[in-house]
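Hi,

Here is the structure I promised to pass on. Have a look at it first, and then read my notes below.

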Amino acid sequence: MSAEFDSAAKFAEYAHPERLVTTEWLAEHLGQPGLVVVESDEDVLLYETGHIPGAVKVDWHTDLNDPVVRDYLTGEQFAALLGSKGIARDTTVVIYGDKNNWWAAYALWVFTLFGHEDVRLLDGGRDLWISEGRPLTTDVTEVTPVEYPVVERDDSVVRAFKEDVLEHFGNPLIDVRSPEEYTGERTSAPAYPEEGALRAGHIPTAASVPWARAAAADGTFKNRTELDAIYRDEAGLSDGDDVIAYCRIGERSSHTWFVLTHLLGFEHVRNYDGSWTEWGSAVRVPIATGSERGEVPTR
Amino acid sequence: MDATTLPARLAETREDFLALGVRDRLQLLLEFSNELPELPERYRDHPDLFEKVEECQSPVFIFVEVEHDRVHLHATAPAESPTTRGFASILVQGLDGLSVDDVLAVPADYPQSLGLSEAVSPLRVRGMSGMLARVRRQVRERVAA
């Protein structure tokens with residue numbers, strides 16, 4: 001049981017228009033059986049201040065991560081989480097969030113690890129919904145728990161580990177962090193708490209394309225022509241490329257993964273979720289500093 | 001952390017959080033968030049006085065005044081950042097009006113003792129640690145000036 005796709009003209013230019021819905025589409029389909037709306041924000045309390053009527057909350061930190069090991073949920077944990085949110089395996093899930101859908105895209109990527117088939121983003125996210133004057137509520141969403149099957153997580157297709165990155169040299173890497181993080185400048189003074197990486201810089205050969213460049217001023221995704229100009233013309237990606245994207249902990253790069261995979265149609269894109277907090281602290285991995293991409297390491 | 005050295009209001013806040021289950025701790029943090037005082041009028045148009053807390057993912061700005069050995073803490077963060085506002089509000093309510101020595105004696109790991117790591121994640125709690133570190137540093141600067 002899958003909700004109809006949004007036939008908005010802008011989406012038709014994208015490789016997989018079925019991965020997006022407009023705010024109009026969502027407003028018309030709210031409450032429809034077989035559709036669950038999920039809010040996923042950077043700020044863990046934002047949902048509680050007001051959410052789209054009927055939406056449930058999934059928090060990236062407290063819901064999607066294993067509480068002990070730095071990893072995502074197991075199949076059993078994911079089944080329990082989704083079942084408790086009223087999501088069945090064939091439910092259409094529309095995810096939206098704050099900050100250009102930054103964390104919404106991350107949640108969508110984690111859903112993809114478990115092969116949830118019909119999961120879409122609300123183009124423009126929470127901010128566009130609000131700016132259009134659409135309703136929010138603080139009413140608690142009544143959920144009837146359902147059964148979600150235990151599906152083993154598949155890390156082989158859209159997820160990259162440090163070892164994969166080391167073997168990937170010679171293929172395109174996209175660093176989606178800020179230019180300051182890319183070059184290795186320190187933005188915080190020595191006396192302040194650190195973000196958890198021992199070295200600064202970027203993975204050699206990575207192109208710098210800050211993630212938010214994919215978003216327009218109103219938080220929607222840029223159109224196909226604009227995105228092609230950024231990722232193909234400027235960053236140099238071409239059809240058939242095997243691409244790995246990374247950031248600091250894998251959240252911003254989920255957004256870029258979504259753009260490359262679902263909007264531009266690249267078929268082999270992985271997100272390195274260990275990202276800089278792992279790479280920048282790992283022993284004897286190559287690092288480049290400054291604004292140049294750097295050379296393919298020889299050893 | 002020695003409870004006897006912790007200012008009464010911060011100790012009370014900690015007890016309140018620890019008495020609750022994980023979900024209710026979020027609600028209490030939201031209450032704090034709603035209680036963050038507006039900036040006094042004389043500071044509203046003075047962004048230059050405020051220091052950005054870089055450790056927080058959301059924009060939050062703090063400014064410390066010391067008058068006659070009393071510390072006054074002002075903080076501002078947008079409504080779209082309720083967690084950050086909640087952290088700031090805990091510190092403003094807990095520290096405002098204390099003596100310089102009392103503020104400097106607050107243990108740097110106070111934010112980790114509120115039982116929020118499970119409710120909001122250790123990474124987010126770090127933002128509050130950054131805020132506290134900057135408050136303490138500003139207090140030392142004001143006293144030295």
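Leaving aside residues up to four places away in sequence, which residues does A:Arg224 touch? Before the answer, one caveat: this is a predicted model. The neighbours of A:Arg224 are A:Glu13, A:Tyr14, A:Ala15, A:Arg232, A:Leu263 and A:Leu264.

A:Arg224 sits in helix H8 of chain A, which covers residues 224-234. Its side chain comes to 2.9 Å from the backbone oxygen of A:Glu13. A:Arg224 also makes a salt bridge with A:Asp228, where the closest N and O atoms are 3.2 Å apart. These two are 4 residues apart in helix H8 of chain A, so about one helical turn separates them. Both A:Arg224 and A:Asp228 are buried.

Now for the other charged pairs. Over all chains, the structure has 25 salt bridges. One of them links B:Arg124, in helix H6 of chain B, to A:Asp59, in the loop between E3 and helix H3 (75-84) of chain A, so this pair joins two chains. The closest N and O atoms of B:Arg124 and A:Asp59 are 3.0 Å apart. Are the two partners buried or exposed? B:Arg124 counts as buried because its relative accessibility is 6%, under the 20% cut-off. A:Asp59 is buried too, at 2% relative accessibility.

Within chain A, have a look at A:Arg252 and A:Glu181, whose side chains meet in a salt bridge at 3.1 Å, N to O. A:Arg252 belongs to helix H9 (residues 252-263) and A:Glu181 to helix H7 (residues 179-183) of chain A, so the pair ties together parts that are 71 residues apart in sequence. A:Arg252 is buried, with a relative accessible area of 9%, while A:Glu181 is partly exposed at 24% relative accessibility. There is a network as well: salt bridges link A:Asp71, A:Arg153, A:Asp155, A:Arg159 and A:Asp273.

Next, the interface. How much area do chain B and chain A bury between them? The figure is about 1,900 Å², with 55% of it on carbon and sulfur atoms. Chain B brings 25 residues to the contact and chain A brings 21 residues.

On the side of chain B that touches chain A, the elements giving two or more residues are H2, H3, H5 and helix H6 (122-144) of chain B. H6(B) has the largest share of that side, with 7 residues. Sorted by class, the side of chain B that touches chain A comes to 9 nonpolar, 8 polar and 8 charged residues.

Which of its residues are buried? They are B:Arg25, B:Leu26, B:Leu28, B:Leu29, B:Leu30, B:Phe32 and B:Ser33. In chain B, these buried residues of H2(B) pack against helix H1 (8-18), helix H3 (82-95) and helix H5 (117-120), and in chain A against strand E3 (56-57).

Last, a couple of backbone spots to check by eye. Most residues other than glycine have a negative phi. A:Asn100 has a positive phi, near 55°. You will find A:Asn100 in the loop between strand E4 (92-96) and helix H4 (102-113) of chain A, and it is partly exposed, with a relative accessible area of 21%. A:Arg284 also has a positive phi, near 60°. A:Arg284 lies in the segment after helix H10 (275-279) of chain A and counts as exposed, at 74% relative accessibility.

Cheers

Definitions and conventions. Residues are numbered from 1 along each chain as its sequence is written. Chains are lettered from A and ligands numbered from 1 in the order in which they are written. This is a predicted model: local features need pLDDT of at least 70, side-chain atom pairs count only at pLDDT 80 or more; totals for chains, interfaces and linings use all residues. Side-chain values use heavy atoms; hydrogens and water are left out. Buried means under 20% relative accessible area, exposed over 50%, partly exposed in between (1.4 Å probe, protein chains only). Contact means heavy atoms within 4.5 Å. Buried area is the accessible area (1.4 Å probe) that two parts lose on being put together, summed over both. A salt bridge is a side-chain nitrogen of Lys or Arg within 4 Å of a carboxyl oxygen of Asp or Glu. Ala, Val, Leu, Ile, Met, Phe, Trp, Tyr, Cys and Pro count as nonpolar, Asp, Glu, Lys and Arg as charged, and the others, Gly among them, as polar. A polar contact is a pair of N or O atoms within 3.5 Å; within protein, one must be able to donate a hydrogen and the other to accept it, and residues adjacent in sequence count only if both atoms are side-chain atoms.
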